[in-house]
Amino acid sequence: MKVLIAYYSKSGGTEKLAEALEKEFRSRGHAVDIERIKSAKEHSFLGWWHLRMVKSDCDIQPPKINDVSQYDVVCIGSPNWTRLSLPVARYLREVKGLKYKNIGFFASTAAWPQIEWYILSAYLLDLTFAGVVNKRGGRIIDSILLSSVFKKWSWASDYGRKVIKNFCDKLENPIPSLKKYFLEEREIENSRLLVVILSIILLSSLLLQIFTWLIGKEFLTWSEYFYLFLIEFIAYFAMLTILTGRFFAFLGKYLASLALIAGLTIAILFLTPTLGRPIIFGYILIFILFSFFRDPKSILFTAGLVVLAYFYLFFNYPSEGILLPYLDLPFIVSSAAIVGFVAKNLQDHYLNLLGAQEETEIAKAALEVRVLARTRELKVLSESLEEQVKERTKKLEEKMAELERFNKLSVGRELKMIELKEEIKDLEKELGNSKVKNQKNNKT
Ligand SMILES: Cc1cc2nc3c(=O)[nH]c(=O)nc-3n(C[C@H](O)[C@H](O)[C@H](O)COP(=O)(O)O)c2cc1C
């Protein structure tokens, strides 16, 4: 396998990771080329800090390899700048041959990578990377994040070595099954997004609570807020455990749905009657969020929970006059049915497409193997034909030489016979002459 490792590194953290990957790929017998992406102008830490807020990429020095078509795998490395580093973004926009290429993404970060992966900064890093690569038609097989500061989570740690090994394994055998990828990897990606959302809710609600408390206008008392925070935090922690352990990943979205709806319902109870009614629309936002996952089961689960929460609110606070379940309930039930139905159809359709694509890829791989085998056979055949032609030519040449010799011999014999005949003629003539002479002598 031919591997290209292209990376940008300002202070050497990503470079170390690139070197570790190069070593691992080489130890597995693969050919590795390295491309160090360089910015046209290097900036200070603060300079980059500012630039990445206002720009999405920057000028780079011309790369050594500007067409990656010849590689089986392309690994792209970047430091985490709460987004993709600007030189790497430009490289990915300019480099040729990314279409259908299997791509691995490795990044280094200052913080603890396991936590960083579940908060906004590394999420945005992956998101900006995926945005550029998807636009260019590349296929992201895996992405890893290691720390350049914490030794325990660096490329040289046990954790780092394991992460690097898994990364190389995945790139060596990319996408065993597209359907499997959709059903399992997407599950993890969706749960990761929910964890990121929960972490944003936890952090922003805490900031809001402190702020409103400082100005003396808090919506919730500290004990009420603590109650809410605890529910969300337990869900957040449970999801983190599920995701880091990769056990029962499918449970993540149900847990998040439960935590979000329970949190919202409790907040409505606390805020009734003044703010309760407006934030009821939060249920719709949660519902919309889950419909994005195109998973009918979690959409119906969320809708079911919303209906239950509504009933709970209605039977506990009917007199407040803020809830109109006669209007809301039919709306929720019918939209859940419609969205669930559409999602189910979309998912079936998508899975069928993936199945067809998978069959095509398998057929293509089988065809490639057959073409290779046939080419090899033809090569052997043409080599043996060449041998046969050489042998026949040699034999023909020998025959020709023999014929020539024979020709020479027979022509020589003919000439000899002519010579002999001439000699006989001369002798006969001489004999005749001497006979005439003898007769003359006898007469005299
Ligand atoms: C502009 C900028 C933004 C950064 N943002 C983050 C961040 O959000 N989270 C983090 O953990 N580290 C952040 N860092 C630190 C780098 O990700 C980290 O030090 C990385 O390992 C540097 O890689 P390098 O040595 O290859 O340049 C940032 C660094 C820069 C320059």
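This is a predicted model: local features need pLDDT of at least 70, side-chain atom pairs count only at pLDDT 80 or more; totals for chains, interfaces and linings use all residues.
Buried here means under 20% relative accessible area, exposed over 50% and partly exposed in between, with a 1.4 Å probe and protein chains only. Residues are numbered from 1 along each chain as its sequence is written, and side-chain values use heavy atoms, with hydrogens and water left out.

- Thr302 lies in helix H12; helices (H or I, at least four residues) and strands (E, at least two) are DSSP runs, numbered from the N terminus.
- Leaving aside residues up to four places away in sequence, Thr302 touches Ser257, Ile261, Ile286, Phe287 and Phe290, where contact means heavy atoms within 4.5 Å.
- Over in H11, the buried residues include Gly282, Tyr283, Ile286, Phe287, Leu289 and Phe290.
- They cover an arc of only 160 degrees around the axis, so they sit on the same side of H11; the arc is that of the directions from the helix axis to the C-beta atoms.

**Aromatics and charges**

- Searching the whole structure turns up 18 aromatic pairs. Rings of Phe, Tyr and Trp (its six-membered ring) pair if their centres lie within 6.5 Å, with planes under 30 degrees apart stacked, over 60 edge-to-face and the rest tilted.
- Tyr283 and Tyr310 make a tilted pair, 5.6 Å centre to centre with 50 degrees between the planes.
- That pair links distant parts of the chain, 27 residues apart: Tyr283 is in H11 (residues 282-291) and Tyr310 in H12 (residues 296-316).
- Tyr283 counts as buried at 2% relative accessibility, and Tyr310 does too at 3%.
- One aromatic cluster is made up of Trp213, Trp222, Tyr225, Phe229, Phe233, Tyr236 and Phe237.
- The charged end of Lys2 sits over the ring of Tyr71, 5.1 Å from its centre; the test is NZ of Lys or CZ of Arg within 6 Å of the ring centre and within 35 degrees of the ring normal.
- Arg52 lies over the face of Trp49, 4.1 Å from the ring centre.

**Strand S4 and its partners**

- In S4 (residues 102-109), 8 of the 8 residues are buried, so the strand is largely enclosed by the rest of the structure.
- S3 (residues 73-79) and S4 pair in the parallel sense over 7 bridges; pairing takes at least two DSSP bridges between two strands.
- Val73 stands opposite Asn102 in S4.
- S4 also runs parallel to S5 (residues 139-147), joined by 8 bridges, and Ala107 stands opposite Leu145 in S5.
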